[in-house]
Amino acid sequence: MKSYKVLPFSQYVLRTPTFPVSTYLNLVNDYAAQALLKGFENPFFREAIRIASPELLKELDRWKSDPLIVSPKRKDNLALTLLKYNARISSRCTPFGLFAGCTVGNFTNETNIILESPEKFKRFTQFDMQFWVALLQELATRKEIKQSLKFYPNNSIYVVGDFYRYVEYKYVKTKREHSISALQKSIQLDLLLTQAKSGLTINQMVSMIIDDESETKEALEYINQLIDFQFLVSELDATVTGNDDWTTLFVILNKIPALKEDSKLLQTVRNRLLNLDKNLIPSEKNYKDIKTAIQQMGLEYDKKYLFQTDLELTTSRNTLNTTVSYKVLKALRFLNGIQRKTKSQNHTQFTKAFIQRYESREMPLATVLDTEIGIGYIQNSDMNDTYDLLEKFTFKSKTPNEDSQIWTANDFVLQKKLQECFSKNEKVISLSEVDFPEFEANWDNTPATFSVMIEVATNQEKELIAIESSDNVSAAKLLGRFCNGNTTIHNLTKEIVEKEKKCYPDKILAEIVHIPESRTGNILRRPVLRDYEIAYLSNSGVTRDYALDINDLMVSIKNNRIILRSKKHDKEVIPCLSNAHNYSSQSLPIYHFLCDLQLQDVKPIYSFSWGILESHYDFFPRVNYKDVILSKAKWIVSKKEIVSFLKTDESQLFKVFKRWRLERNIPRFANWVHFDNTLLLDFEKEICVRLLLKSVSKYSKITLEEFLFAEGSIVKNKDGDFFSNQFILSFYKEEL
């Protein structure tokens, strides 16, 4: 039997906000709306807001230029919004515009991280995917362009009896709504499907299906109808993998003589977009020039969704002591040892339904997942028919009833620890292997590569290492999105992908390429990372020889395991999604199935969880394993508690809140955590109490979590100011 060891990659990714923690804390310490507005004059902060919310920038400028024309209530709302943005740029590490960025560092024998000043950071700006998709669609519909484009079969087409079924979409605002459509098979359609696989122009297709010139007009209408129905899609359709969207676009346009002027104008737009990144803070004219060129082309755009910018941090030193990675690895070994491998419920239901319907047969994937004639995916989802040939997918997630929850052995262990902690009035729980009788440490089922996100703070010159999140199936998952604008992250990601490839020499690792909706494309964009891709309702970034067609994929069940096979290559296919898209919400069946299949043979190392206890207690202490914090202390605040503060007289609010906070033992500094969003609060300051209540009034309950960076951090600038941080550490599995 094989045994494995796990080793760290030699590099890590550092993520920090642009400003130090003190910037925000100083603001709330001596809060005044006018002082806050004055701080807005910082050109870097102003540029960050411009990118994030052009409308807010406009309103703030209006307030600043003439305070009398803004009502007191509106001023208060604007001030709180501006304060939130200050918290964002000073405490939250998730990269977003110019508010936070990332860079790559190296493991050595010492920790030494010094950030340069923001003026030395680098920015990378692209058109927002919503605008880019709209631009490509608009170009593709222009008569002079359309006639010269090559068209290909929609890559979701499959055969059901006498019909071709496929998925088409339309945009409703920013949402991409998908529907199943069908066309009856015919000699012409069969011919087009076969010949258009290598790409054909409209005139080439017309010539192919007519017998004489008199049929040209009718054939032209027929082909244009197929394009309107999205049965045929153009080479200008968007993709989310590739190194340079612009180069691809110009290769297509430069072949069309009639587009010389349009191509020239687009080249001007591209150059002006590149000019934005020459300086961290471009001039107002740079932005106006781009918008003017866009208007000259007759294109509409949403100001808020025109640009998408990423920030690359610059450091004078960036090394982390190797002991950090080994401490974290020991903690991951512990988490792995207390977690059991369980088969996905989605996989279990699918396997059962497949065997009942198809037994041991191998079936075309598209047929199996068809919700009308196949078994679909997920089996407990609802589907609503809207009209004869079009169906829309809606999925209802079932929330488990608390009364039906099953307690695990771990839940009982943790409850006992929790009760002991409360009885001794302690604030920290320490766990070890001896607390878990079923502890089993091996790396057999862990992914080939995986990563973990940690924070490293300091308290009285002692390092505090906390695990923020783990559980991914590939170390490339958190990095893919930043590869296009950051060469060092791209190189690290390629190294990760190469390790994964070596672990599966007899299988095809294929990147899943799909655009669920246009704005989601911002987090899905990445270079071509793998040799093969499965493109679904998106153009592929690889050549057609390496793009796996949906109709090439077959599915079967062997030894209770789902097998996805490529007929063309006669190899098992392992789908891969190298980005952090939360695909489980409102996904098309094929996309959901492919993404879920990544999890079949592996046991991710999940972050620490309080499990069923989450619904029984309103306070959870910090949890340690040796030198690593597995879970920060957190407090659950109910709607009833929130409402009581909202009803309190404003003159008494701070006093009442402080009394409650001390009774609940909530520390001075805490983060309000809402999914992956956080808001730093100093509860010794009245403005932060107001900010919290303004932000959470609509929620049934909220979570407050301890903030580790109140006293210090290992990440500093040259002036000694410290920064909150997140490190992404990546690991790979190797056979002993």
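# A walk through the predicted model

Strand E1 (residues 4–17) pairs with strand E32 in the antiparallel sense, over nine bridges. Within the pair, Leu14 has Phe727 of E32 as its bridge partner. E32 also pairs with strand E16 (residues 449–459), again in the antiparallel sense, over six bridges. Here Met453 stands opposite Ile728 in E32. Strand E32 covers residues 726–735, and eight of these ten residues are buried, so the strand is largely enclosed by the rest of the structure.

Setting aside its neighbours within four places in sequence, Phe231 is in contact with Tyr152, Pro153, Asn154, Ile157, Tyr164, Tyr166, Leu183, Leu189, Leu193 and Leu226. As a general rule, nonpolar side chains in soluble globular proteins tend to be buried together.

Next comes a sheet. Six strands form an open sheet in the order E12-E20-E21-E22-E18-E19, with mixed pairing. Its edge strands are E12 and E19, each of which pairs on one side only. Helix H15 lies across E12, E20 and strand E21 (561–566), running at about 95° to E20.

Glu359 is in the loop between helix H15 (345–358) and strand E12 (363–364). Its phi is near 55°, a positive value in a residue other than glycine. Leu537, in the loop between strand E19 (532–536) and strand E20 (553–558), also has a phi near 55°, again positive in a residue other than glycine. Are these residues buried or exposed? Glu359 has a relative accessible area of 58%, so it is exposed, whereas Leu537, at 7% relative accessibility, counts as buried.

A further backbone detail is the peptide bond from Tyr377 to Ile378, which is cis, with omega near 15°. Ile378 is placed in the loop between helix H16 (365–368) and strand E13 (383–387).

Helices also pack against each other. Helix H6 (residues 129–141) and helix H11 (residues 245–253) pack at an angle of about 5°, with their axes 13 Å apart. At that angle, H6 is roughly parallel to H11. The contact brings Trp132, Leu136 and Leu139 in H6 together with Asp245, Trp246 and Leu249 in H11. By class, five of the residues in the contact of H6 with H11 are nonpolar, none is polar and one is charged.

The last stop is Thr319, in strand E11 (residues 315–321). Because its relative accessible area is 18%, Thr319 counts as buried. Leaving out neighbours within four places in sequence, Thr319 is in contact with Tyr12, Asn106, Thr108, Glu110, Thr111, Asn112 and Ile113.

Terms used: Residues are numbered from 1 along each chain as its sequence is written. This is a predicted model: local features need pLDDT of at least 70, side-chain atom pairs count only at pLDDT 80 or more; totals for chains, interfaces and linings use all residues. Side-chain values use heavy atoms; hydrogens and water are left out. Helices (H or I, at least four residues) and strands (E, at least two) are DSSP runs, numbered from the N terminus. Buried means under 20% relative accessible area, exposed over 50%, partly exposed in between (1.4 Å probe, protein chains only). Axes are lines fitted to C-alpha atoms, for helices over the stretch in contact, and angles run from 0 to 180 degrees between N-to-C directions. Angles under 35 degrees count as roughly parallel, over 145 as roughly antiparallel, 65 to 115 as roughly perpendicular and the rest as oblique. Contact means heavy atoms within 4.5 Å. Ala, Val, Leu, Ile, Met, Phe, Trp, Tyr, Cys and Pro count as nonpolar, Asp, Glu, Lys and Arg as charged, and the others, Gly among them, as polar. Two strands pair if DSSP finds at least two bridges between them.
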